[in-house]
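This report goes through a model helix by helix and then turns to single residues. Please keep the sequence and the structure in view while reading.

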Amino acid sequence: MADLAQLRTEAEAAVGAAGSAAELEELRVRYLGRKSELTQALRSIGELRPDERGPVGKQANEVRRALEGLLERRTAELDASELDQRLTEDHVDVTLPGDPPVPVGHLHLVSQIRRRMEDIFVGLGFSVVEGPEIEYEYYNFTALNHPPEHPARLPQDTFYLAEQVLLRTHTSPMQVRAMELKEPPIYIVVPGRVYRPDTPDATHVPMFHQLEGLAIDEDLTLADLQGTLLAFARQMFGEHTDVRLRPGYFPFTEPSVEVDVSCFRCGGTGYEGSERCPTCKGEGWIEILGSGMVDPNVLDYVVGSGYDKERVQGFAWGMGIERIAMLVYQVPDLRMLFDNDLRLLEQFGAGP
Ligand SMILES: [Zn+2]
């Protein structure tokens with residue numbers, strides 16, 4: 001017959017010293033398993049003398065319960081210390097910079113300029129709206145007073161996706177779309193991508209960005225257009241910038257004007273010292289956009305009331321965002337803005 005007291009002492013010492021769940025499982029089998037001394041003792045109680053059975057059975061059960069409890073506590077202790085250790089070892093300070101630090105990105109030059117332009121016009125009371133890049137021929141041409149035979153409608157000048165569906169060639173389709181959505185007065189700018197099947201060169205790419213402007217209200221004149229664009233030019237190019245309007249032609253404005261700004265590099269003189277100014281090529285003026293008073297015919301295409309051409313007038317303009325970016329940052333070739341050469345992207349790095 002096993003000495004249960006000694007067995008208990010031995011087992012308690014072993015369990016107390018166990019350092020892993022696997023060791024504990026081994027001890028559980030050794031001391032409480034089917035073939036353990038304790039289990040054997042409990043099984044053979046029937047072979048004892050009747051007066052021994054009670055005390056021995058009681059002691060054996062006590063030892064078993066004590067060992068079971070001890071194993072359970074030791075398991076819990078080991079689990080807890082393992083968790084503590086993992087928490088210590090795997091501690092991550094999320095406030096530390098990455099290793100190596102991840103460089104902070106910034107907006108592309110075109111996006112930076114677009115946002116500056118938007119900010120200026122928002123400051124002048126205009127709202128920013130966007131329109132679809134896939135457009136109906138109707139909004140891109142017809143509603144903008146382009147006659148059916150207008151050459152811009154030809155497939156060599158426009159990407160057609162289906163009959164009467166195209167990639168917009170300018171941001172101007174939003175003029176009529178915006179007027180259909182809202183009664184006058186209306187003051188909006190429309191930035192966005194436009195598409196033309198141009199062969200890429202220093203001043204042409206098949207996809208570029210424009211910013212359209214449209215104002216419709218009572219008593220608007222060309223002077224309001226000029227004042228608006230002068231305020232824009234002074235914030236964009238410098239406070240001494242001047243604006244000049246020259247006669248132009250666009251199907252959807254009447255009269256139409258080409259707008260120049262005085263050269264911000266040479267101050268409008270055309271010269272830097274004795275050298276011809278490279279930015280304005282000696283002209284003293286730089287063409288930046290086309291604009292004009294909204295042709296009353298365009299107002300006729302606005303479905304719904306509220307655009308009584310006897311009562312309201314408007315002015316509109318469209319300018320290339322890349323062109324402004326190239327002027328402000330002296331980028332010599334339009335294609336450079338789309339090459340994604342890191343040297344250019346990083347040179348014009350600014351906060352997002
Ligand atoms: Zn100049």
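Leu4, Leu7, Arg8, Ala11, Glu12, Val15 and Gly16 of helix α1 meet Gln59, Ala60, Val63, Ala66, Leu67, Leu70, Leu71 and Arg74 of helix α4; residues are in contact if their C-beta atoms, placed from the backbone, lie within 7 Å. Helices (H or I, at least four residues) and strands (E, at least two) are DSSP runs, numbered from the N terminus. By class, the contact of α1 with α4 has 10 nonpolar, two polar and three charged residues. Here Ala, Val, Leu, Ile, Met, Phe, Trp, Tyr, Cys and Pro count as nonpolar, Asp, Glu, Lys and Arg as charged, and the others, Gly among them, as polar.

The model is predicted: local features need pLDDT of at least 70, side-chain atom pairs count only at pLDDT 80 or more, and totals for chains, interfaces and linings use all residues. Residues are numbered from 1 along each chain as its sequence is written.

**Helix packing**

The table gives the geometry of two helix pairs. Axes are lines fitted to C-alpha atoms, for helices over the stretch in contact, and angles run from 0 to 180 degrees between N-to-C directions.

| Helix pair | Angle | Axis separation |
|---|---|---|
| α1 (residues 4-17) and α4 | about 5° | 10 Å |
| α2 (residues 21-32) and α4 (residues 50-89) | about 175° | 10 Å |

The angle of about 175° between α2 and α4 makes α2 roughly antiparallel to α4; the term applies to angles over 145 degrees, while those under 35 count as roughly parallel, 65 to 115 as roughly perpendicular and the rest as oblique. On the α2 side the contact is made by Ala21, Leu24, Arg28, Tyr31 and Leu32, and on the α4 side by Arg64, Leu67, Glu68, Leu71, Arg74, Thr75 and Leu78. Seven nonpolar, one polar and four charged residues make up this contact of α2 with α4. For α1, the angle of about 5° to α4 makes α1 roughly parallel to α4.

The chain is divided into domain 1 (4-89) and domain 2 (109-347), with bounds from an automatic or database domain assignment. Their C-alpha centres lie 87 Å apart.

Helix α5 (residues 109-123) has 15 residues and reaches 21 Å from its first C-alpha to its last, close to the 21 Å expected at 1.5 Å a residue, where the expected span is 1.5 Å times one less than the number of residues. Leu109, Gln112, Ile113, Arg114, Met117 and Phe121 of α5 are buried. A residue is buried if 20 or more other C-beta atoms lie within 10 Å of its own, exposed if 12 or fewer, and partly exposed in between. The cover over the buried residues of α5 includes β5 (186-195), β6 (207-217), α8 (222-237), α10 (321-329) and α11 (336-339). Just after α5, Gly125 has a positive phi of about 100°.

Met236 is in helix α8. Leaving aside neighbours within four places in sequence, Met236 is in contact with Ile120 and Ile324. Met236 counts as partly exposed, with 19 C-beta neighbours inside 10 Å.

**Backbone details**

The peptide bond from Pro184 to Pro185 is cis, with omega near 5°, and Pro185 is in the loop between α7 (173-181) and β5. Another cis peptide bond joins Glu254 and Pro255, with omega about -5°; Pro255 is in strand β8 (residues 253-262).

Lys281 is not a glycine, yet has a positive phi of about 55°. Lys281 is in the loop between β10 (275-276) and β11 (285-294), and counts as exposed with 12 C-beta neighbours inside 10 Å. Gln330, also not a glycine, has a positive phi of about 60°. Gln330 is in the loop between α10 and α11 and is exposed, with 9 other C-beta atoms within 10 Å.

Conventions: Contact = placed C-beta atoms within 7 Å.
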